[in-house]
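Here are some friendly notes to read alongside the model. Please keep the structure open as you go through them.

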Amino acid sequence: MKFFIDTANLDEIREVHGWGILAGVTTNPSLVAREGGDFVERIHQICEIVKGHVSAEVLAQDVDGMEREGRLWARVSPCVVVKVPLTTAGLGACKRLSADGIKVNVTLCFQAGQALFAAAAGATYISPFVGRVDDVTWDGNELIRQIAEIYALDADIHTQVLAASLRHPMHVIQAALAGAHVGTVPYKVLKQMVGHPLTDKGNQMFLDDWKKVPDNDIGGQVARWLANR
Ligand code: E4P
């Protein structure tokens, strides 16, 4: 499973990009509004940092308006993936944009039938919202599993399952097990996933033991060994 970060915060994106794990970014109007500033400039800056797929959402609600905004978004950067809601207009816009080679992320998916329609409309990504499904007492992970299984049955479907609304580390692990191609994960959850007290403890023990060695400059030792070969 590839990792995207679900944020419009540049510091968070820069930091996680530095970890070497980041394949892309998802934003939505709520996330961009939270950061303030110019929406388009923000998306361009994110594309410059990540150079992977960056979702930017249309705000129009009719098919012509979505197509127009989507074509404009696609000119901001080749990294931009146009995000459209899973409405009939969104599906129509997805069909028009993807027919012209513009990548589309169809978002706000809450049932497998919607995911089938997104694939039929040529979506690059379908975004099922795991946490929001859990919020209404169904099983968000079961939704990922159903969509991944249905897509795998049809060799003509190339739409990738982008598990969204992941709220804690187990959501991420379960989405990977259920067959999601991508997980878009908030910064806070990525931080929870990368750290483990036993990793820190073990690392400290290695460092403490190595300090007891008289010549403990390992860089110097390796350089000398290489020079004397
Ligand atoms: C996905 O693209 C959305 O931005 C996001 O995952 C929504 O998550 P939330 O339900 O936690 O707001």
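The points below cover the model, its domains and its ligand site.

1. This is a predicted model, in which local features need pLDDT of at least 70, side-chain atom pairs count only at pLDDT 80 or more, and totals for chains, interfaces and linings use all residues. Residues are numbered from 1 along each chain as its sequence is written, and side-chain values use heavy atoms, with hydrogens and water left out.

2. An automatic or database domain assignment divides the protein chain into domain 1 (2-194) and domain 2 (197-227). Taken over C-alpha atoms, the centres of domain 1 and domain 2 are 42 Å apart.

3. Which residues are around the ligand? With a heavy atom within 4 Å as the criterion, they are Asp6, Thr26, Asn28, Leu31, Lys83, Phe129, Arg132, Ala164, Ser165 and Arg167. This shell has 4 charged, 3 polar and 3 nonpolar residues.

4. Now look at the polar contacts (pairs of N or O atoms within 3.5 Å). Oxygen atoms of the ligand lie 2.7 Å from a side-chain N or O atom of Lys83 and 2.6 Å from one of Arg132. For Ser165, a polar side-chain atom is 2.7 Å from a ligand oxygen. On its own, the ligand has 340 Å² of accessible area (Shrake-Rupley method, 1.4 Å probe), and the protein covers 84% of that area.

Notes: A polar contact is a pair of N or O atoms within 3.5 Å; within protein, one must be able to donate a hydrogen and the other to accept it, and residues adjacent in sequence count only if both atoms are side-chain atoms. Ala, Val, Leu, Ile, Met, Phe, Trp, Tyr, Cys and Pro count as nonpolar, Asp, Glu, Lys and Arg as charged, and the others, Gly among them, as polar.
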